[in-house]
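The sequence and the structure come first, and the description follows.

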Amino acid sequence: MERITCNYHPRQAARWHCPRCDVNLCPGCVRKASGPFHEHPDCPLCDGRVDSLGLGNVIVPFWRRLPRIFAYPLQPAALLYLLGLSLLALAIPIPLMGLFVLLLVVLAILQYSFRVLAHTAAGHLQPPEVGMRSEEDVTPRVAALFLVYVAIGYLTNLAGHLLGWPGFWAASLFFGLMLPASILIVGLEKGFFRSLVRAINPVSLSALAMRIGPAYLLLFLFVQLLSGAGGQLAQILAGLVPAWAAAGALAFGFMYMHLVTFHLLGYVIYQYHEELGFEVDVRQDQSGGEAARPAADPGQSVLGQV
């Protein structure tokens, strides 16, 4: 979707449109609503109420937020959670007990990752607190994602059995390309079986990718790079610590990039929530802090009024 810019600040995305003056206005141009029951602000030219252009027009595209997306797990709530799981992962090399600890760490990071995805998709760009109660149990989504991987493997092999190598590679290419869409559907849909069926349905996957548009290919590329970056980061960190701490360092590297990936996917839902039919929690005039009214500046205020 092409972004609509402000008539008076061409570098700023427009948030409002005045039908009487036929001008597009950014959050810094409009005036506070004159009436106590008016949700929309007033036009600075005619004092009439302006219409919303949609929150999606002012949300910063995900490809312009990559530094913040990569730094997301470094915020206190997420970082403390990762460090805690990394300490627990130190017990993975212990015989018998290690397998149980590994499963516990994997389940814990998957559950928190889906909480991050849902929290970001709703427009909240800070990690959810570990102790904060979630609106829903994300365990069914974790189970659904696991079954999606199993179903994709089965369908790929089935295509190979029925159509030979061309069918196998065609199915592998399609489901590999649609993997971000599968995760998005699991994170979006309500109901375990509904999300599972739609996450492997070629029609549903293709429709979601088409709603996002050409940016979906960029998302696929980033997800592919992040899937390999986890292993690279884990190896680098493991080489910097003593041998007894290697398991924790490896776990931290993989979990770090996993949170980055799910935060990215959640932000894509937030950015394209109008196209995807998803409701966000943030106020319509804030865009999660990305498109809030500029900080007060007397000089800018005077220029804005002019």
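In this predicted model, helices H5 and H8 pack at an angle of about 95°, and their axes lie 9 Å apart. Angles from 65 to 115 degrees count as roughly perpendicular, and H5 and H8 are therefore roughly perpendicular to each other. From H5, the residues Leu179, Pro180, Ala181 and Leu184 meet Tyr216, Leu219, Phe220 and Val223 of H8. By class, this contact of H5 with H8 has 8 nonpolar residues, with no polar and no charged ones.

Leu219, one of the H8 residues in that contact, also touches residues elsewhere in the chain. Apart from neighbours within four places in sequence, Leu219 is in contact with Phe62, Pro180, Leu184, Leu264, Leu265 and Val268.

The largest nonpolar core has 69 residues. Phe62, Leu208, Ile212, Leu219 and Leu264 are the residues with the most contacts inside this core. Each of the helices in the table supplies at least two residues of the core.

| Helix | Residue range |
|---|---|
| H2 | residues 76–89 |
| H3 | residues 97–121 |
| H4 | residues 139–177 |
| H5 | residues 179–188 |
| H6 | residues 192–200 |
| H7 | residues 202–212 |
| H8 | residues 215–238 |
| H9 | residues 246–271 |

H9 gives the largest share of this core, with 14 residues.

Within helix H4 lies Ala171. Its relative accessibility is 11%; buried means under 20%, so Ala171 counts as buried. Leaving aside neighbours within four places in sequence, the contacts of Ala171 are Thr156 and Ala159. Between Ala171 and Thr156, which are 15 residues apart along the chain, the C-alpha atoms are separated by 5.3 Å.

The chain also has an open sheet of 3 strands, with the order S2-S1-S3 and antiparallel pairing. Strand S2, residues 23–25, and strand S3, residues 51–52, are the edge strands, and each of them pairs on one side only. Strand S1, residues 16–18, runs antiparallel to S3 and is joined to it by 2 bridges. Trp16 has Ser52 in S3 as its bridge partner.

Note on methods. Residues numbered from 1 in each chain as written. Predicted model: local features only at pLDDT ≥ 70, side-chain atom pairs only at ≥ 80, totals over all residues. Heavy atoms only, no water. Core = buried A, V, L, I, M, F, W, Y, C linked by side-chain atoms within 4.5 Å. Buried < 20%, exposed > 50% of the residue type's maximum accessible area, 1.4 Å probe, protein only. Helix = DSSP H or I, 4+ residues; strand = E, 2+ residues; numbered from the N terminus. Contact = heavy atoms within 4.5 Å. Axes fitted to C-alpha atoms, helices over the stretch in contact; angles between N-to-C directions. Parallel < 35°, antiparallel > 145°, perpendicular 65-115°, else oblique. Nonpolar A, V, L, I, M, F, W, Y, C, P; charged D, E, K, R; others polar. Pairing = 2+ DSSP bridges.
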